[in-house]
Amino acid sequence: AGQSLILLAASKLPHTIIDYVHLIRGTKYVPLPGWLASWSELTDRLLPLALLSAAIHAWVSLYLTMYTPAAVPLGVISYLFLLLTSVLLLPLTSNLSRREYQMTFSFLSWISLVLGYIHTILARWDELASLSCLPSSHQLSILLPSLSIPAHLPLLLPWIRRKVMNIRNGYVYSGIYYRKH
């Protein structure tokens, strides 16, 4: 579950950073840094890998009962949302408009990430509470989602969301970052 959670968070974090860059600049027309543009293009490749990792985790967990019962339903629901998100990547779903596709894709992937994050925390709560010299793999697996989920929360506020959507639709604001020509 940890690897799938890291891959899912790694596919969502660049888009959150891009939204902040657009808010700071006030426009989407200034080119993004190369590393950020190439990272955001990896989303379509990371999500199927996250689905494969979650499927392997589900099969292994059928034979190894090492989770608390409260964590299992959240993991199953997260897996189903991740499966639906991966189905949206197929060219068969091209009858959706671009806006519908982006909203559905974003919603399903964020819900999958949040549910998988809660599943991972509930599954090994005892490992999270223990301190040792080196962090466990379970503690490391929630590090990236612990950064990407709170970073995305301010973007959900209605007045910020509206501004981000307007920038995506082509509006230009005077951002914090103003480049003099």
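What is the volume of the second largest pocket? In this predicted model, the second largest pocket has a volume of about 450 Å³.

The chain has 181 residues, of which 35% count as buried. Its secondary structure consists of nine helices and zero strands, so that the order of elements from the N terminus reads α-α-α-α-α-α-α-α-α, helices being counted as DSSP runs of at least four residues. Along the principal axes, the C-alpha atoms of the chain occupy a box of roughly 60 × 45 × 30 Å.

Helix H1 covers residues 2–25. Most of H1 is covered, since 17 of its 24 residues are buried, that is, under 20% relative accessible area. After H1 comes Gly26, which has a positive phi, near 85 degrees.

The largest pocket has a volume of about 1,200 Å³. Its lining is made up of 31 residues, and those nearest the centre of the pocket are Lys12, His15, Gln102, Ser106 and Arg168. Two or more lining residues come from each of H1, helix H2 (34–41), helix H3 (43–63), helix H5 (98–123), helix H8 (143–152) and helix H9 (158–168). Among these elements, H5 gives the most to the lining, with eleven residues. Sorted by class, the lining of the largest pocket contains 13 nonpolar, nine polar and nine charged residues.

The second largest pocket, of about 450 Å³, is lined by 23 residues. His57, Ala58, Gly75, Val76 and His119 lie nearest the centre of this second pocket. At least two residues of its lining are supplied by each of H1, H3, helix H4 (71–88) and H5. H4 provides the largest share of the lining of the second largest pocket, namely six residues. By class, this lining divides into 13 nonpolar and ten polar residues, with no charged residues.

Aromatic side chains were examined next. A pair of aromatic rings is described by the distance of the centres and the angle of the planes. The structure holds two aromatic pairs. One of them is formed by Tyr101 and Phe105, with 5.8 Å from centre to centre and 20 degrees between the planes. This pair counts as stacked, because the angle falls under the limit of 30 degrees. Tyr101 and Phe105 are four residues apart in helix H5, so about one helical turn separates them. Tyr101 has a relative accessibility of 17% and therefore counts as buried. Phe105 is also buried, its relative accessible area being 10%. Elsewhere, a charged side chain is placed over an aromatic ring: Lys163 lies over the face of Tyr173, at 4.8 Å from the ring centre.

Ile111 belongs to helix H5. Its relative accessibility of 28% makes Ile111 partly exposed, because partly exposed residues fall between the limits of 20% for buried and 50% for exposed. Ile111 and Leu82 are 29 residues apart along the chain, and their C-alpha atoms are separated by 8.7 Å.

Trp35 is found in helix H2. With a relative accessible area of 53%, Trp35 is exposed, because the limit for exposed residues is set at over 50%. Between Trp35 and Tyr20 there are 15 residues in sequence and 15 Å in space, from C-alpha to C-alpha.

Note on methods: Residues are numbered from 1 along each chain as its sequence is written. This is a predicted model: local features need pLDDT of at least 70, side-chain atom pairs count only at pLDDT 80 or more; totals for chains, interfaces and linings use all residues. Side-chain values use heavy atoms; hydrogens and water are left out. The expected span of a helix is 1.5 Å times one less than its number of residues. Buried means under 20% relative accessible area, exposed over 50%, partly exposed in between (1.4 Å probe, protein chains only). On a 1 Å grid over the protein atoms alone, a cavity is a set of points where a 1.4 Å probe fits but cannot get out, and a pocket is an open set with protein on both sides within 12 Å along at least five of seven lines; lining residues have an atom within 4 Å of a point. Grid points are joined across faces, edges and corners, and a volume is the space filled by probe spheres set on the points. Ala, Val, Leu, Ile, Met, Phe, Trp, Tyr, Cys and Pro count as nonpolar, Asp, Glu, Lys and Arg as charged, and the others, Gly among them, as polar. Rings of Phe, Tyr and Trp (its six-membered ring) pair if their centres lie within 6.5 Å; planes under 30 degrees apart count as stacked, over 60 as edge-to-face and the rest as tilted. A charge sits over a ring if NZ of Lys or CZ of Arg is within 6 Å of the ring centre and within 35 degrees of the ring normal.
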